[in-house]
Amino acid sequence: MPDIKHFDPDAVLETVVRLFWREGVARTGIQDVVTATGLNRSSLYATFGGKQELYRAALRRYVEQWSRPAFRQLAEDGRGLPAVAEFFDGLIAVRCSGEYARWGCMVVNAQAGAENGDPEVGALLDHHHEQLRDALYTALTGAAAQGQLAPGADPDAAADVLALLAYGVNLRSRAGADARALKATVATALDALGARPAA
């Protein structure tokens, strides 16, 4: 008789996202996936493929659920620097408190791990970086148009710097960095970009 799925692959993938996000690929074996999902190996392999295919699917899902909505909101906000500040505030809040505290960002975790040796994963990471940088650049060009940037501030270069700062926030929060310290660092970076009021 044909094998009939008695589980929801979408719900299983959501569980797997959380497992890989929290623990990473190197620390997660297929038995960990079996335990977390309650499925046997044959069901996992038949539905998703091996561990690497499962990880790729989980990473794509993470980007769709977490990264892209945040980038879209930043790019479409229209307020300039306040939108950038709010983006970082939200990032620090989710990384330093609540259910996902000290998990970091699944994408940034992959940037720092062996996962990036997979060409398909590497391409996804590059695309993610481009989307982050583009969203920041859009917000910064809006800031420039509204007179919010200091004279000579380059939105293109600033987008590169702030993208790297976002990676730093994610990595440091995973290591337990204090939210207030992270906010102070972000505030310093944004203050350096902002126009100074006339004395």
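Mentor: Before we start, a definition: buried means under 20% relative accessible area, exposed over 50%, and partly exposed in between (1.4 Å probe, protein chains only). This is a predicted model, where local features need pLDDT of at least 70, side-chain atom pairs count only at pLDDT 80 or more, and totals for chains, interfaces and linings use all residues. Residues are numbered from 1 along each chain as its sequence is written, and side-chain values use heavy atoms, with hydrogens and water left out.

Trainee: Great. So is Thr185 buried, exposed or partly exposed?

Mentor: Thr185 counts as partly exposed, because its relative accessibility is 44%.

Trainee: And which helix is Thr185 in?

Mentor: Helix H9, residues 179–193. Helices here are DSSP runs (H or I, at least four residues), numbered from the N terminus.

Trainee: Switching to Thr37: buried or exposed?

Mentor: Thr37 is buried, at a relative accessible area of 19%. Thr37 sits in helix H2, residues 30–37.

Trainee: What does Thr37 contact, leaving aside neighbours within four places in sequence?

Mentor: Val12, Thr15, Val16 and Leu44; contact means heavy atoms within 4.5 Å.

Trainee: Next, which residues meet between H1 and H3?

Mentor: Pro9, Val12 and Leu13 in H1 meet Leu44, Thr47 and Phe48 in H3.

Trainee: Where does the side chain of Thr37 reach?

Mentor: To the backbone oxygen of Val33, at 2.8 Å.

Conventions: Helix = DSSP H or I, 4+ residues; strand = E, 2+ residues; numbered from the N terminus. Polar contact = N/O pair within 3.5 Å; in protein donor to acceptor, adjacent residues only side chain to side chain.
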